[in-house]
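Please open the model in your viewer and keep the sequence panel beside it; the stops below say what to select next and what is to be found there.

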Amino acid sequence: MEEQIIIEAEGLTKKYDSQIAVNNLTLRIQQGEVFGFLGPNGAGKTTTLLMFLGLTEPTSGKVRILGFDPTRDPLHVKEKVGFLPENVGFYDDMDARQNLRYVARLNRIPDKISTQRIDHWLETVGLLEEVEKKVGTYSKGMRQRLGIAEALVKEPKLIFLDEPTIGLDPDGTNRMLDLIHSLSREKNMTIFLSSHLLDQVQRICDRVGIMIKGDLVAIGPIEELAKKKLGLDKEHYTLEEIYMKYFKEA
Amino acid sequence: MEDHFSSIRFLLISALIVMVGVIITSMVGMGIQEESKGMAKPTLLFLWLFTSTGKLFSFVQFIGFFGPLIGIFLGFDSINRERVSRTLTKLVSQPIYRDSIINAKFLSGVTVIAIVLVAIVLIISGLGIRLIGVVPGAEEVWRLVIYLIISVLYISFWLGISILFSVTFKSTATSALASLAIWIFFSFFVSLGAGFLADAMAPISQSSTGIDPELIIKHEQVQRITSLFSPMTLYGNATNTILDPMRKTTQSLILMGPLERLSLSRFQNPLPLIQSLFIVVPYLISIVAITVLCFGICYLVFMRQEVRTI
């Protein structure tokens with residue numbers, strides 16, 4: 001069976017006034033893939049995510065997420081897509097369960113089902129011991145983990161993570177990366193990860209795309225990019241070397 | 001809605017209103033008890049509980065003045081608090097329509113207002129029945145119901161104003177101050193301004209031998225029309241007509257001594273309910289119109305905002 005295409009973008013462009021945030025972006029992402037979206041700050045990564053989610057209208061070009069057009073059909077897309085924004089916000093006067101329950105209800109998941117799911121995902125991200133505390137008292141890392149749990153409560157097919165490991169300690173980072181990896185391998189979830197922590201991206205991503213000033217300058221598996229940019233002879237390479245090479249050229 | 005009921009802010013303001021309501025009623029109630037001793041029961045005595053001014057002010061005046069505060073308190077940070085805590089991004093990325101966020105904010109506010117007002121009116125009625133021993137008749141109950149509807153709409157207008165500011169201003173403090181500024185402007189300056197404007201357009205000089213009656217009428221008209229721009233005046237006129245059916249006019253222009261004034265400004269018999277309604281309908285429509293307008297603007301602004309700025 002042919003792998004299903006989850007994200008399909010063609011000639012996607014977004015302009016703010018005269019400034020071009022995303023220029024003519026074309027990419028395809030298949031089911032079960034872990035895709036790393038790299039680029040310096042202000043390269044248009046978040047704008048791209050917002051267009052994929054139907055939160056911002058593209059100036060021109062086409063997007064299909066799971067076969068739906070996010071501009072025309074935002075509810076169908078949002079139903080099946082989880083999103084962890086860069087600085088995730090919670091209702092600070094509620095505890096972790098109440099926060100997740102609220103999101104589950106917005107997704108029309110019956111309480112019977114969501115109760116089990118919430119505890120399952122809270123355990124997976126390692127928050128079950130702190131579940132009674134108000135979210136206002138959580139540290140940055142705990143909030144980040146709660147954010148992941150929240151995106152997973154609706155058991156999405158596709159999940160967008162905007163800088164998921166920021167603020168996590170080394171142990172938390174490892175567990176987060178393992179979790180992302182297992183989601184893709186065991187649950188066949190597609191993961192679209194935007195980050196500039198290159199060593200982490202290198203560890204878990206099947207393919208990467210490098211975006212600089214609104215242009216997608218490179219896309220493909222890391223080995224392929226390494227061969228292209230650093231030469232065949234190089235056996236030990238890091239994503240950072242590749243990235244810096246592209247960055248200097250742009 | 002859960003938010004509203006559990007917040008300390010809400011508890012404070014409803015406690016204040018209930019307290020003032022109870023104090024006013026007991027004062028007014030005792031006053032009525034004294035006055036009506038040995039008299040046959042006057043018609044629609046029960047409504048006096050809400051309209052007679054007692055030593056300070058009547059309950060109706062109190063709500064007209066402080067009611068807007070309930071609306072403002074419920075709405076001023078509804079959208080920008082979610083923005084500050086970054087939960088708005090989360091809400092818009094869930095499978096719900098964006099307008100249901102703003103609709104829910106407004107409707108839950110209106111529901112809370114309605115519950116608070118109904119509760120207070122019931123408390124006052126209960127106290128009143130005990131104090132003056134008069135049970136309200138059907139007409140009085142209807143008048144109270146209409147009064148409640150007008151009041152809920154009136155406070156909803158202020159809720160709309162404050163939600164509008166919470167959509168447009170990023171900081172909760174700014175939106176609170178802006179709403180309060182509007183409240184103060186309408187409650188004090190419009191009536192003051194109406195006086196000034198009337199003086200400017202139709203000055204009345206007291207020193208001249210005779211006062212031109214036409215000038216006085218013009219003066220009064222200018223003042224009236226200007227003050228109608230204030231929702232407080234709209235509300236005041238509407239509720240006075242409904243709750244005080246003996247009142248003959250919504251205007252204050254009477255050019256006679258105090259005794260004639262009293263006899264002229266009040267009917268011998270109360271105005272029938274249906275007639276009071278006729279008088280009130282234009283005011284009611286104006287209040288509904290400004291409320292809808294206000295909410296409409298804030299709906300449009302919210303729907304057109306870029307998510308980036310959220």
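A residue counts as buried if 20 or more other C-beta atoms lie within 10 Å of its own, as exposed if 12 or fewer do, and as partly exposed in between, with C-beta atoms placed from the backbone. This is a predicted model, in which local features need pLDDT of at least 70 and side-chain atom pairs count only at pLDDT 80 or more, while totals for chains, interfaces and linings use all residues. Residues are numbered from 1 along each chain as its sequence is written, and chains are lettered from A in the order in which they are written.

Select chain B to begin: of its 310 residues, 36% are buried, and its secondary structure comes to 13 helices and 0 strands, where helices (H or I, at least four residues) and strands (E, at least two) are DSSP runs numbered from the N terminus.

Next, colour chain A by strand and find the open sheet of 3 strands, whose order is 2-1-4 with antiparallel pairing; two strands pair if DSSP finds at least two bridges between them. Strand 2 (19-30) and strand 4 (60-65) of chain A are the edge strands, each pairing on one side only. Strand 1 (residues 5-16) of chain A is joined to strand 4 of chain A by 5 antiparallel bridges, and E10(A) stands opposite K62(A) in strand 4.

Finally, select the interface, where 18 residues of chain A are in contact with 13 residues of chain B, contact meaning that C-beta atoms, placed from the backbone, lie within 7 Å. On the side of chain A that touches chain B, helix 2 (74-80) and helix 3 (96-106) of chain A each supply at least two residues, and helix 2 gives the most, with 3 residues.

Note on methods:
Contact = placed C-beta atoms within 7 Å.
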